[in-house]
Structure formats: structure tokens, C-alpha cells
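This report goes through selected local features of one protein model. The sequence and the structure come first.

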Amino acid sequence: MNRESFAAGERLVSPAYIRQGCEARRSHEHLVRLLLEKGKCPEDGWDESTLELFLHELAIMDSNNFLGNCGVGEREGRVASALVARRHYRFIHGIGRSGDISAVQPKAAGSSLLNKITNSLVLDIIKLAGVHTVTNCFVVPMATGMSLTLCFLTLRHKRPKAKYIIWPRIDQKSCFKSMITAGFEPVVIENVLEGDELRTDLEAVEAKVRELGPDHILCVHSTTSCFAPRVPDRLEELAVICADYGVPHVVNNAYGVQSSKCMHLIQQGARVGRIDAFVQSLDKNFMVPVGGAVIAGFNDSFIQEISKMYPGRASASPSLDVLITLLSLGSNGYKKLLKERKEMFSYLSSQLKKLSETYNERLLHTPHNPISLAMTLKTLGEHQDRAATQLGSMLFTRQVSGARVVPLGSVQTVSGYTFQGFMSHANDYPCAYLNAAAAIGMKTQDVDLFIKRLDKCLKAVRKEQNKESNVSGVDNYDKTEDVDIEEMALKLDKVLLDTYQNSS
């Protein structure tokens, strides 16, 4: 209600009570005003009543919510289901216009304001996380892979002779397919083994730039966040190479916002050399549903070019999700999550190290990877690959998600390119291993339950390897806890093992 409405209310209720209600309303409005004036994430998170009031105020600025609206066009924000309308807080028009995803819509002032505020808050969080000199960013309603494709397509217009993208190998399909989808030929640079770590082969990158010629290279496509034993690329050195040869540099920072080390690499790379854009996922870094990413960079005009490359309007859902999340957390809440994630990484590392030593395995030494860990699987018996596959299936059927078991010698073809040792980021990594990651939002109980279930699964697999029957040993899994999960898992184990034997 506005001042006139409150004044009218004083004729019905005691003016003292109305004034008290008016002051309460002003406290909400004060938070909104500070947000609009500063464009930064509030230090302390908002309560739900302030959030819902703010979203309602924005939504009624969109034409589909005007009381007297008369829509005669083909896109008037009509929604058949009231449930769908409520799910989206009645933001129906989406964001952007046909020629620019960041442009203001005349029909949707509220949605446009929502979009601008969200981009401003995300930029603030990226700076808070460590990339202090970033100049611009925008939320795009596509996951990381397609967002990378959008960056490559924008660079195409700047580099018409370019045919190749130089890509230090990382065995993850979407970042590889992003280059294929954009119409370019990936030039795979194999990693070099340093101790347990797989690191960027800088000499091979520079040699390939010289061989192909800078004008024929669209960009170098590097990676920060990755599965151990691969570690983040040597971004500073790559950025210098790109600057020296005049080659653009796009960084896949998929879940790197949550890591101060990954963000520091990007900041340093931009300081000493060239980084044109870096792309990160919304769901992995901000704990929202899958479907959005953030494209950011150090050259404001280039980031605007990328936003204008997006064809048509876009869904406002990813922007709405991350706006609600950041306003709920506040910058203090997000910093607390970052701090807790670091603590969980140390805790997971110590617990996994203890467990690995119990089974005469070891935690791979990967100090340059700040998120992912890997434990060797060398002592699983004679049929190591089959045992590793069985371990992975047992963990999955016991509701352990996210852990990756990587056997030796896996071969996979992706978009016509065949990779030896796929998932291990190398043709012949020395051993099979198991991955686990300490990502934002992980809790101590998650680590404890994972270690407990992994321990039981390792015991079961080892007993299995010592028996002549391929299935009977599974019954030795300790069923003292998680009874319902175990009953279902044992049935799934039998199916998965039968499938493995039939395909071998």
C-alpha cells in the first residue's frame, strides 16, 4: 500500500496501529531501495516475506499482470495453468528481446528489472569469490556446454579464417561437444603426468599454435574445475601464450566459483595475459536447478557481443532462481558456504586417506586440485577392471551419487573422436581410481555416510574376488544398517553384474 492507502486505513483502525504497520512496510522497502541503488548482494540475507513482496512488486510491472491489459499480439504472457503461473511468480514474458538477451522489454519492465538486478548481483559475487577485475557478466538460460558454444560462435565473426580450437584434454563430454556444435575442429592436447597429477602441456600448446598459425585458431579452450588426478590448467601461462600470439582464450570454469584457487587462476591469467571469457554453471556454484550459466569477462563490449548473439528472448527461470538464492543467502551467507566447502574438502581428504590406507591403497597426491580427490584401486584382485566396475555399480545402487570409478583402458568415441583411457584424461593413466568431490553445500554427515558405504562396498568387492562365484560374495555386504537401501541394491547388483558378463 502507498501513503494514501495507509492514510485511508486510519479512518478504520487506530492511527497508531496503522503507523506501526507503515513503518514495518518501510523496513522492507528500505532493503529493496538499497538493492536497487547499490546493485550488490546484501550482506545479510532477506527473509521470505521481503523476498515475496519484492517479487510481487516486480511481477505486477509486467503487462500480463496489468488489471486492464488488452493483449492482441502473439506473445501476451498467457498461461493456461494457475500452478505454472505461481511457480514462476507470474513472470511469464522471460528476459531480453529478439536481438539481445540483456535488452529491456517494453511489455515486461518487472522482468527486465529482475534480469538487470540478477546480473549485477552475480557480478558482485564473482568479485567476492576472487575475480576482482571482472567488468561484466550475464546469466544465460543454458547450461555450461551450450554457453561455451555461444562464446565460440561470437568469436567466429571476429576470426573468419579460424577453423581450430586448441583444447587441453579433459574427459567431459559437454565441453568437448560445445566445440563440435559450434562447427570447429578440436585440437586435443594430451596432458603430461607430473607425479600423480595430469597437467597442461604448455610446450605442446605453443607448438600447435605455431604449426596451425594464430589466424586459423579460434581460441584456446582451457579448464579450471575438473576431476582429479587432472588439475586446473596452467591458466597464467596459457594466457601469456594467447596474448603473445593474439589468440582468444575462453575458460571453462564450470564449478570453479566455489574455489578461491580456481578464481585466483582466472584473475592472474587476466592480469598477466589474455582471457576473453569464462563460463560457470549456476547449479554447481549457487545450488539452483540445472539450466543456467554465467558468462563473464574483462572486456565489457565483448561480453555484450556474446549477449547479442543469443537469438530471441530467453527463459527468466534461471535468473529468478539465482536472484532468490542470493537474496536469501546474502553475501555473508555465500561466504559462509565457501568457507564450509573448504573445511569439507580437508575433512573428506583426511577421511578418504585413512580409508585408503586400510585397504593398502593411497589417496593420489593432487595438491593443485582444490575440489576433487582420487583414491587408487590397485588391490582389487586379478580382474581389476571388472571389480572396479562392480564397485561403481554398488556405490550407485546404495544411493552414493557423484562418486566416479575410473577403470583402466576405457575407450569411448565422442562426436567422431576416439579417446583412449576415457574418463581418466589420459591415454594410459597408471592405475584405476575412485573420485569424490567436496562441492558447495556438502555437510559432515555426507562425508561420513559416503566413507561408511564405501568401506562396506570395498569389503564386499574384495570378498567377491576371493570366491569362485561371481555373485555370491555380494551377500557378505554388512546389512546392519541401511536395510531398505541394501535390499534394493542387492537386486540391482545382480542385474548389473549379469549385464557386465553378457557384454564381456
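The structure is a predicted model.

**Arginine 75**

The unreviewed UniProt entry places a "binding site" feature at Arg75. Arginine 75 sits in the loop that runs between α3 (48–59) and α4 (82–87). With a relative accessibility of 23%, arginine 75 is classed as partly exposed, because buried would require a value under 20%. Leaving aside residues up to four places away in sequence, arginine 75 is in contact with His93, Gln105, Lys107 and Arg313. With histidine 93, the side chain of arginine 75 makes a polar contact of 2.9 Å.

**The largest pocket**

The largest pocket holds about 830 Å³ of space. It is lined by 31 residues, and those closest to its centre are Ser401, Gly402, Ala403, Ala437 and Ala439. Two or more lining residues come from each of α6 (144–158), α7 (173–181), β14 (433–437) and α15 (444–465). Which element gives the most to this lining? That is α15, with four residues.

**Cysteines**

How many disulfides does a search of the whole structure find? The search finds zero. For cysteine 175, the nearest cysteine sulfur belongs to cysteine 226 and is 10 Å away. Is cysteine 175 buried or exposed? Cysteine 175 is buried, at a relative accessible area of 1%. Cysteine 70, by contrast, is exposed, with a relative accessible area of 65%.

**Backbone features**

Most residues other than glycine have a negative phi, and most peptide bonds are trans. The table gives the exceptions discussed here.

| Site | Feature | Value |
|---|---|---|
| Alanine 228 to proline 229 | cis peptide bond | omega near 15° |
| Methionine 287 | positive phi | about 55° |
| Glutamine 399 | positive phi | near 65° |

Where do these residues lie? Proline 229 is in the loop between β6 (217–223) and α9 (235–245). Methionine 287 belongs to the loop between α11 (282–286) and β9 (293–297), and its relative accessibility of 41% makes it partly exposed. Glutamine 399 is found in the loop that links α14 (384–397) and β11 (404–406).

Note on methods: Residues are numbered from 1 along each chain as its sequence is written. This is a predicted model: local features need pLDDT of at least 70, side-chain atom pairs count only at pLDDT 80 or more; totals for chains, interfaces and linings use all residues. Side-chain values use heavy atoms; hydrogens and water are left out. A disulfide is a pair of cysteine sulfur atoms within 2.5 Å. Buried means under 20% relative accessible area, exposed over 50%, partly exposed in between (1.4 Å probe, protein chains only). UniProt positions are given in the numbering used here, feature names are shortened, and annotations may be inferred rather than shown by experiment. Contact means heavy atoms within 4.5 Å. A polar contact is a pair of N or O atoms within 3.5 Å; within protein, one must be able to donate a hydrogen and the other to accept it, and residues adjacent in sequence count only if both atoms are side-chain atoms. On a 1 Å grid over the protein atoms alone, a cavity is a set of points where a 1.4 Å probe fits but cannot get out, and a pocket is an open set with protein on both sides within 12 Å along at least five of seven lines; lining residues have an atom within 4 Å of a point. Grid points are joined across faces, edges and corners, and a volume is the space filled by probe spheres set on the points.
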